[in-house]
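Thank you all for coming; I would like to walk you slowly through one structure today.

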Amino acid sequence: MTTTSSLFDLFGDLVIYRNLDALDDRLPRFAEAYADMGLPSPIPPRKLDAAYAQALAWLLERSRELAGRPPLTELVYIGDTMLNDGGAFTNLRAHTGWPGWCFIGAEKDEELAVAERNGLYQANRWAALAEFLGWVQSQGAALGAGTAVIIDIDKTLLAARGRNDGTLDRARVVAVEATVAGALGAQFDRDGFRRVYAVLNTTRYHGLTGDNQDIVAYICLMLSAELDTLEHLQAEVASGRLVDFRDFMAQMDAQPGRLAAKGLLALHQEIYGLVREGDQTPFKAFRRREYVETVSRMGHLPEHAPLAQRLVDEVCMTQEVLDVALWLKARGCLLLASSDKPDEATMPTPDLVARGYQPLHRTATHIVGQSIADLLPAQEF
Ligand SMILES: [Mg+2]
């Protein structure tokens, strides 16, 4: 039988999304706490910024105080991307001065390979978390009440990279398409949209889009509305005349009549205004849709659904990461979950609450993967 669990079961409300506002309302909002954290601005830093680690360390320390726990002395981090998770881990270890160890996992259909460098342990099996724990202990880690454990959510604890991560990507693509279709109504051309999205959602256009899905969605909307053509945009980018999405938005802003004729003026003005305020997730309608598309893919398949279908259709919890998290929790470690998703992609609006929707972290889903509980070191109490 497949069982279910939610992030709340593991972390309570100690879940931190992109804007660095903990869901636990005993912790202050980032906008109220940034000065206390020693940061210069209420605009939340990105995961790779040193300031992000500074904020995370502050939130860990405040969480520890609230729980009346002993001082934190070491760090364990579990994630799926060397750049983002490895970078955030390295920054956090440098900022705190604690010894620390980081697991970067994925499931790949190739021979088992494990690499270790500077406290970063990379493996192509999620089950290698068992060896990781043994390795961390052999390095002298106490793994107890003084250990802060940060677990990445997207494609780590949920939708394991290499196994189930396509579900999160599909939820997002469906959300972009539905948002653009909703904004354009009868003018929407699905094939045209998909052609534009396939081009813009690539690393080649990261310079223009800032690798930001809100911006990809915005530009797709404008091209779908024929306010510019893909060919013209490509030529502008290739020639170096267009390097920043803000310039593209300014070009749109200079055509209020055409925007109004397409019924997009108010939406453009809202998004453009938020961009100018420094909001990194300015396309709110898209992110709200992403929330719906994500939670509607959690825990929704029946118990007897075939595994192959579950891996494609359901955003599942990763058994191996869950086993390790439960093991660390049983030893008294302080567990915190971290995600790059913005609030709008994780919390229901009041009308969705009325229809029974729960925050993403309280939405239960099925657990899939290989149980490694029996491979973990025996607990000594
Ligand atoms: Mg991730």
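Before we start, let me say that contact here means heavy atoms within 4.5 Å, and that buried means under 20% relative accessible area, while exposed means over 50%. Please also keep in mind that this is a predicted model.

Let us begin with helix α7, residues 190-200, in which Phe193, Val196, Tyr197 and Leu200 are buried. These residues cover an arc of only 100 degrees around the axis, and therefore they sit on the same side of α7. As a reminder, an α-helix has 3.6 residues a turn, so residues three or four places apart point the same way. On the other side of α7 we find Asp191 and Ala198, which are exposed. What, then, covers the buried residues of α7? The cover includes α6 (166-184), α8 (206-209), α9 and α10 (230-239).

Helix α9, residues 213-224, also meets helix α13, residues 265-276, and their axes come within 12 Å and cross at roughly 150 degrees. Angles over 145 degrees count as roughly antiparallel, and α9 and α13 are therefore roughly antiparallel to each other. The contact is made by Ile215, Tyr218, Leu221 and Met222 of α9, together with Leu267, His268, Ile271 and Val275 of α13. By class, that contact has seven nonpolar residues, one polar residue and no charged ones.

Finally, in the loop between α9 and α10 lies Glu226, whose phi is near 65 degrees, a positive value in a residue other than glycine. Most residues other than glycine have a negative phi. Is Glu226 buried or exposed? Because its relative accessibility is 58%, Glu226 counts as exposed.

Terms used:
Residues are numbered from 1 along each chain as its sequence is written. This is a predicted model: local features need pLDDT of at least 70, side-chain atom pairs count only at pLDDT 80 or more; totals for chains, interfaces and linings use all residues. Side-chain values use heavy atoms; hydrogens and water are left out. Axes are lines fitted to C-alpha atoms, for helices over the stretch in contact, and angles run from 0 to 180 degrees between N-to-C directions. Helices (H or I, at least four residues) and strands (E, at least two) are DSSP runs, numbered from the N terminus. Angles under 35 degrees count as roughly parallel, over 145 as roughly antiparallel, 65 to 115 as roughly perpendicular and the rest as oblique. Ala, Val, Leu, Ile, Met, Phe, Trp, Tyr, Cys and Pro count as nonpolar, Asp, Glu, Lys and Arg as charged, and the others, Gly among them, as polar. Buried means under 20% relative accessible area, exposed over 50%, partly exposed in between (1.4 Å probe, protein chains only). The arc is that of the directions from the helix axis to the C-beta atoms.
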